[in-house]
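Let's take a friendly walk through this protein chain. Have the sequence and the structure at hand as you read.

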Amino acid sequence: MLKIAKNPEWTHQIDISVPVDGGFETHTCRARYRVLDPAAIDPTDAANPETLLRAVVVRVEDLADEAGQPLDWNDAVRDAVFAMPFVQSGLIKGYYRSVAGAREGNSDGLGVLGRRVN
């Protein structure tokens, strides 16, 4: 039986490829998502990844500052996290994978509005 929730939310562990000298490091965090409401996306701003993230990300957990001190989710942290292109990519891919159930090596499941973020 498929149960239909009015405002579904879920949490998934997300891999973020963080650029470093000579390549990337994989960092992880936990993202709490909600179903995308297309009405929440301004059609004139649909190509902006931050617009999509504000519509689908409830919060991100397991964040730390440069010294390794835990960060609590708040507006300032959200703005800083959403401004980083490599985090945008990981969170958007994580959202579509969590909705579509794509596995590594399969399609990204990206049906993102606007330009693709890598």
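## The chain as a whole

Please keep in mind that this is a predicted model. The protein chain holds three helices and five strands, and along the sequence they come in the order β-β-α-β-β-β-α-α.

Of the 118 residues in the protein chain, 30% are buried. The accessible surface amounts to about 7,700 Å², with 49% of it belonging to carbon and sulfur atoms. If you look at contacts between residues at least 6 apart in sequence, 52% of them join residues at least 24 apart.

## Where two helices meet

Two packed helices are described by the angle between their axes and the distance between the axes. Here, helix α2 spans residues 75-83 and helix α3 spans residues 85-100. Their axes come within 5 Å and cross at roughly 90°, which makes α2 roughly perpendicular to α3.

Which residues bring the two helices together? On the α2 side they are Val81, Phe82 and Ala83, and these meet Pro85, Val87, Gln88 and Leu91 in α3. By type, the residues of this contact are six nonpolar and one polar, with no charged ones.

## A closer look at serine 98

Serine 98 also lies in helix α3. Is serine 98 buried or exposed? Its relative accessibility is 16%, so serine 98 counts as buried, the cut-off being under 20%.

What does serine 98 touch, leaving aside its neighbours within four places in sequence? Its contacts are Trp10, His12 and Tyr33.

Terms used
Residues numbered from 1 in each chain as written. Predicted model: local features only at pLDDT ≥ 70, side-chain atom pairs only at ≥ 80, totals over all residues. Heavy atoms only, no water. Axes fitted to C-alpha atoms, helices over the stretch in contact; angles between N-to-C directions. Helix = DSSP H or I, 4+ residues; strand = E, 2+ residues; numbered from the N terminus. Parallel < 35°, antiparallel > 145°, perpendicular 65-115°, else oblique. Contact = heavy atoms within 4.5 Å. Nonpolar A, V, L, I, M, F, W, Y, C, P; charged D, E, K, R; others polar. Buried < 20%, exposed > 50% of the residue type's maximum accessible area, 1.4 Å probe, protein only. Areas by Shrake-Rupley, 256 points an atom, 1.4 Å probe, with all protein chains shown as cover.
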